[in-house]
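Please look over the sequence and the structure shown below before reading on. The report that follows takes up a few local features in turn.

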Amino acid sequence: MTRRIPAAGAEWSMGGGGAAPVTDVVATLGGPRPREPARSQPWLIIEVSDRPELLRAYRALRRREFVELQGLFARDDSDVRDADPQTRVLAALAADGRVLGGVRIHPARSGSERIGWWQGSRLVVAAGVGAAGDPQLSRGRIGAALVRAACAHALDAGVLRFDAQVQDRQLGFFERLGWEAVRPLELAGSPHWLMQWPITRFEELAGATKQPLAGLIGSLLPDDRWRGDDGVPVPGGAGVVTCLDAITPSMVQHDPEWAGWCGMLVTAHDLAAMGAAPAGALDALAAPDRAHASRVIDGVRAGADALSLPVLGGHTQLGVPAALSVTGVGHTLDPIPASGGRIGDAVTLTADVAGDWRPGYLGRQWDSSSWRTRDELAQMLSTVARTRPHAAKDVSMAGVVGTLGMLAEASGCGAELDVGSIPRPSRATLSDWLTCFPGMAMLTCDEPGGRLPDAGAAVSATCGRLTAASGVRLRWPDGELTEALAGDVSGLGAAGGRERGRDSDSSEHDHEPEMSR
């Protein structure tokens with residue numbers, strides 16, 4: 001495997017199957033061709049490679065630096081990571097092909113690639129580089145290029161934690177590149193620092209999907225205990241609860257049957273999260289023509305049958321861009337809020353990990369539901385109603401981490417997730433699983449030590465807890481905590497009647513529900 005990464009300012013090139021040729025319109029019409037600017041050669045290439053000659057040159061640089069010059073190792077600095085087939089070496093090459101430096105990235109420990117925990121190590125740049133007077137070939141610039149390339153390669157692989165154990169004298173260098181110091185440590189008798197590269201995947205998803213909510217709708221919502229919930233009890237409705245979901249218009253346009261199915265699926269989930277029995281749904285469908293509308297309705301019909309959520313009515317309009325929203329109606333005399341979590345509660349994820357990625361949505365939408373029987377789906381959807389936890393919230397477009405952040409925010413808490421205990425499909429990386437729409441998945445919070453819910457074909461696992469500090473953190477097998485979300489997800493804050501992490505009214509289930517959204 002060989003992949004070349006030019007240094008900043010150079011151009012990318014791809015071998016085989018590259019971009020389609022670009023037509024020169026001026027030349028085609030017979031006009032004069034503009035003078036093309038001279039193309040400069042990149043001063044440095046970072047190559048991700050397993051070429052034997054590059055690996056030998058990289059290891060020779062390591063031996064010279066760490067054994068002969070620094071004396072950190074007696075004879076050889078090789079270790080088990082060099083023999084690990086998952087280790088990737090990034091070599092810095094001059095324009096003439098000389099190996100000027102290198103770095104390797106690899107799983108932090110055996111099996112840690114399954115949870116997205118990787119490390120960078122053995123960063124080295126050849127001594128004497130830049131002595132010939134070329135300022136571009138300074139050791140600092142080459143080292144920085146290698147570190148940046150290693151970070152890019154790790155992020156591209158979907159890592160959730162990327163560490164480095166850095167010599168004390170290089171602390172400032174790494175901090176200038178954006179790394180964060182965790183704590184000092186000693187390796188090979190020399191002072192080092194444990195450093196981490198900040199992973200912003202969860203913050204970016206929350207920022208795109210949920211963080212604008214407070215500014216958009218915060219002033220519309222009453223300050224009641226349903227603030228931030230997906231569903232709401234209808235005032236005076238004698239146990240009637242309702243919810244509303246809209247499907248992404250591009251999905252309605254390009255994958256209409258799946259859009260119809262998902263409209264019913266997420267609506268059934270919202271009712272299930274409140275512990276409500278489904279009563280029916282109303283759909284609002286817009287489509288460019290009858291044929292397109294029929295395909296969406298095929299998905300709606302299949303979902304209505306499989307999820308025991310009959311369509312009671314709705315609205316259909318043709319001759320307009322595709323769109324779909326579904327309103328669900330259910331019944332429970334004692335709905336479960338998302339805001340009912342308490343500090344110290346155990347976090348449980350119940351998810352159907354069978355199935356596969358929906359074609360066309362790799363890494364974004366998991367399909368475990370479209371082929372399930374009605375009885376299997378009913379068993380999974382009734383989990384909250386049967387177990388009655390303190391709080392529940394179905395996992396939606398914000399992913400597992402973002403949804404847990406919203407539940408914790410509404411409860412006036414923060415949360416920790418134990419990455420080694422999260423149930424997930426074997427065909428999905430943990431980073432994709434925690435940020436995708438997982439199909440059938442529910443987060444619940446309750447007293448620690450309780451029995452796990454029987455969810456039939458779905459898997460349940462206790463994988464975290466609610467905490468006093470806001471935001472969401474990931475707990476790793478070595479006990480380290482990394483920040484996934486720094487604070488509240490939506491900005492709507494704790495639901496009305498909540499202090500941080502505790503109920504202000506212990507009999508909150510006994511009074512008439514308020515209206516919310």
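## Burial and a positive phi in a strand

In this report a residue counts as buried when its relative accessible area is under 20%. The model discussed here is predicted. With a relative accessible area of 18%, Arg122 falls under that cut-off, and therefore it is classed as buried.

Arg122 belongs to strand S5, which covers residues 117–125, and its phi is near 55°, a positive value in a residue other than glycine.

## A positive phi in a loop

Most residues other than glycine have a negative phi. Ala188, although it is not a glycine, has a positive phi of about 50°; Ala188 is placed in the loop that lies between strand S7 (180–187) and strand S8 (190–197).

## A buried glutamate without a salt bridge

Glu409 is part of helix H13, which runs over residues 399–410. Glu409 is buried and yet has no salt bridge, the nearest side chain of opposite charge being that of Arg227, 7.5 Å away.

When its neighbours within four places in sequence are left aside, Glu409 is in contact with Asp488, Val489, Ser490, Gly491, Leu492, Gly493 and Ala494.

## Strand S17 and its partner

In strand S17 (residues 391–394), the residues Ala391 and Lys393 point one way, whereas Ala392 and Asp394 point the other way, and all of them are buried. Strand S17 runs antiparallel to strand S19 (residues 441–446), to which four bridges join it; within S19, Leu443 is the bridge partner of Lys393.

Conventions:
Residues numbered from 1 in each chain as written. Predicted model: local features only at pLDDT ≥ 70, side-chain atom pairs only at ≥ 80, totals over all residues. Heavy atoms only, no water. Helix = DSSP H or I, 4+ residues; strand = E, 2+ residues; numbered from the N terminus. Buried < 20%, exposed > 50% of the residue type's maximum accessible area, 1.4 Å probe, protein only. Lys, Arg positive; Asp, Glu negative; His and termini not counted. Salt bridge = Lys/Arg side-chain N within 4 Å of Asp/Glu carboxyl O. Contact = heavy atoms within 4.5 Å. Pairing = 2+ DSSP bridges.
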